[in-house]
Amino acid sequence: MSLYNYVYTPNSNLICCICRAPFTDPTTTRTCAHTFCRECILRSLSHSPLCPVDRSPLTTADLSPANPIVRSLVDELLVECIHQPEGCEHTCQRQTIPLHLKDECEYAEVVCMVAGCRETMRRKALQEHVEKVHDKEDEAEQVEAADEEEGDGAEAYSCPHEKVGCPYKGPLKPSEHLTSCPYESLKDFITSNTTKMALLTEQNVMLRHRVDVLESTVQIMRREMAQVKSALGPWSRSSSELPLALQAASAGPSSREEDALAAYFPEGSGARQGTGTLEDTILGLRESVVGLAAGVDQMGRRSEMALANETLRLGEEMMSIRGQMHGLRMQMHGMMMERNGVEYGRVGNTGLGGSITKL
Amino acid sequence: MQTALPKETERLVADPAPGISALPHDDNLRYFDVIIEGPGGSPFANGKFKLELFLPEEYPMAPPKVRFLTKIYHPNIDKLGRICLDILKDKWSPALQIRTVLLSIQALLSAPNPDDPLATDVAKHYKEDEKDAQRVSQEWTQKYAV
């Protein structure tokens, strides 16, 4: 429920149906996907446990931060500064208004930080205030300031450190009281503490915004996780088993081999060991693939060796056969020569005889 | 709610539903003077019915309180002008608005429901002799709602 005035009429889809203003901290119901301001729907649920739009049963557990897109759409709507009626003409995105009020807005209420003053005024009056009141004070010492207060007709003085907890209230002027005031000695600490507090407050706002963003991211992740789980089917294990599985995975090489085997049987041996997770399975598969590759390699080398051996043996055998053949051929040759010699001798003798007869 | 109220009122006044007008009191923005025209085709046609509407502190978490000021012969509206309408009681939802409530009341004039009566005698009349009952409704409209 915001108090902002929007520069342009916001899109009707960004209007909370309860407060009729653009969503503040938009919250969506998981059961029926309707969006409201967080504060509005919480108030509505405290009156009746039904969705205001469709009257379906609804509990606070069904609420989740709206889609980040919706969040951005309403956070980026242009709004007028809340001090517009006083005269501030600043307009900016809704999400930057707190920063504007804190650091810039001339009409925002600020507290004078000069020790012990604590007066609140508009920022544009601060400078003047400091110059007029505190610079004078410095010149005339704090006694005068005390006198001024006396002039106001105050009978009982309160300590300048009243805001931080000094309970003193009495006839002593601040200047007299301050000498004994335990808070006076802590003055510097208090000042630095106040600035630190302011810084922390600012950081807190930013952090809260970031937490909102993160929360919605977690929601998205959770939804995606659920989808992944349903997609994985039997492969998914409850997260409580995960640490066990990791222990088993890092137990040592011996159990790793078992895991590698188990990997092939996601239902049977996985359940038997009670530790098989998808990660383990993949690890096992990878290892067994590596093992197989090594096996194939070894087999290849072995068969290569066998082939070489066989070739050598065959070569030798061939050589010996060739030798035997050669021997046989020689033997044959010898025999042929012998026979030829006999025959040639006869022929030669006759030829010779013929020529002799011719001659 | 600080914004919901003036915003809703603004729209109600600037863009009124046909046959319905609602104006907030100057001194109390939660109190509205409402005039609903009787829907055509019903025994309440041409009547201008005055109602008062009050937004309780918890609005819109709690329903507005609405009452007929003009006398009307209707089975779901009693002598005191109280209205028997589920969205004004247990079926209220913070998503409903003044405008939707008044439109529902206008629709109730078109479609009396004697089975869930508030004015039992009128409901009996409507159940036993609808024609005659409608005649009485029309008479009352002409007599009181002009």
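The model is predicted, so local features are given only at pLDDT of at least 70 and side-chain atom pairs only at pLDDT 80 or more, while totals for chains, interfaces and linings use all residues. Residues are numbered from 1 along each chain as its sequence is written, chains are lettered from A in the order in which they are written, and side-chain values use heavy atoms, without hydrogens and water.

Chain B has four helices and four strands, arranged along the sequence as α-β-β-β-β-α-α-α; helices (H or I, at least four residues) and strands (E, at least two) are DSSP runs numbered from the N terminus.

| Property of chain B | Value |
|---|---|
| Residues counted as buried | 49% of 146 residues |
| Contacts, among those with a separation of 6 or more, between residues 24 or more positions apart | 53% of contacts |

Cys84(B) lies in the loop between β4 (65-68) and α2 (98-110) of chain B and is buried, with a relative accessible area of 16%. Beyond its neighbours within four places in sequence, Cys84(B) contacts Asn76(B), Lys89(B), Leu108(B), Asp116(B) and Leu118(B).

In chain A, helix α1 (residues 38-47) has Cys40(A), Ile41(A), Ser44(A) and Leu45(A) buried. Viewed down the axis of α1(A), the buried residues fall within an arc of 130 degrees, so they line one face of the helix, the arc being that of the directions from the helix axis to the C-beta atoms. The cover over these buried residues includes β1 (26-29), β2 (35-37) and β3 (63-65) of chain A.

How values were computed. Buried < 20%, exposed > 50% of the residue type's maximum accessible area, 1.4 Å probe, protein only. Contact = heavy atoms within 4.5 Å.
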